[in-house]
Amino acid sequence: MSTLVWGGLIAAAVLIAAIAMQRRGGVRADGRRPVLIGAMLRRRGVSLAGLEERGLADDLANCARICRACENRAACGARLQATQAPAYRDICPNSAFIDGLRA
């Protein structure tokens, strides 16, 4: 399969997992904290497959670790549920990374 197809499958899996976690109150069944960076990137128009193609997979993995430890998960999840583009700069420790991708 092409990288684009794999990226799409990974993105879909992350989205499905994020939705399932939010329905369970933001905690996965195994007790681990959710990672919302993938959903936020997609809502901001960033392709996860494109990140790998640009050589940013390690940066994304680091952002995922930061996201998992973030104390603003509830606010982030609520903003992701909004219909308009979610505001993230005031709560997201990965905002500089996200903004850099959009530049």
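The residues that line the largest cavity divide into ten nonpolar, two polar and one charged. Here Ala, Val, Leu, Ile, Met, Phe, Trp, Tyr, Cys and Pro count as nonpolar, Asp, Glu, Lys and Arg as charged, and the others, Gly among them, as polar. The model is predicted: local features need pLDDT of at least 70, side-chain atom pairs count only at pLDDT 80 or more, and totals for chains, interfaces and linings use all residues. Residues are numbered from 1 along each chain as its sequence is written, and side-chain values use heavy atoms, with hydrogens and water left out.

**The cavity**

A search of the whole structure finds one cavity of 30 Å³ or more. The largest cavity has a volume of about 110 Å³. Of its 13 lining residues, the closest to the centre are Cys 67, Cys 70, Cys 76, Cys 92 and Pro 93. A cavity is a set of points, on a 1 Å grid over the protein atoms alone, where a 1.4 Å probe fits but cannot get out; lining residues have an atom within 4 Å of a point. Grid points are joined across faces, edges and corners, and the volume is the space filled by probe spheres set on the points.

**The chain**

The protein chain has six helices and zero strands. Its pattern along the sequence is α-α-α-α-α-α. Helices (H or I, at least four residues) and strands (E, at least two) are DSSP runs, numbered from the N terminus. Of the 103 residues, 35% count as buried. Buried means under 20% relative accessible area, exposed over 50%, and partly exposed in between (1.4 Å probe, protein chains only). Among contacts between residues at least 6 apart in sequence, 67% join residues at least 24 apart. A contact means heavy atoms within 4.5 Å.

Helix α4 covers residues 57–69. Its 13 residues should span 18 Å at 1.5 Å a residue, and the end C-alpha atoms are 19 Å apart, which agrees. The expected span is 1.5 Å times one less than the number of residues. Which residues of α4 are buried? They are Leu 60, Cys 63 and Cys 67. These cover an arc of only 60° around the axis, so they sit on the same side of α4. The arc is that of the directions from the helix axis to the C-beta atoms. An α-helix has 3.6 residues a turn, so residues three or four places apart point the same way. On the other side of α4, Asp 58, Arg 65 and Ala 69 are exposed.

Helix α5 buries Cys 76, Gly 77 and Leu 80. Their arc is only 100° around the axis, which puts them on the same side of α5. The face turned away from that buried side carries the exposed residues Ala 74, Ala 78 and Gln 81.

| Residue | Location | Relative accessibility |
|---|---|---|
| Leu 36 | loop between α1 (3–23) and α2 | 4% |
| Ser 95 | helix α6 (residues 95–102) | 15% |
| Ile 98 | helix α6 | 0% |

Leu 36 and Leu 80 are 44 residues apart in sequence, yet 8.7 Å apart in space, C-alpha to C-alpha. Leu 80 is one of the buried residues of α5.

What does Ser 95 touch, not counting residues up to four places away in sequence? It touches Tyr 88 and Arg 89. With the neighbours up to four places away again left out, Ile 98 touches Ile 37, Met 40, Leu 41, Arg 44, Tyr 88 and Cys 92. Ile 98 and Val 46 are 52 residues apart in sequence and 8.4 Å apart in space, C-alpha to C-alpha.

Key. On a 1 Å grid over the protein atoms alone, a cavity is a set of points where a 1.4 Å probe fits but cannot get out, and a pocket is an open set with protein on both sides within 12 Å along at least five of seven lines; lining residues have an atom within 4 Å of a point.
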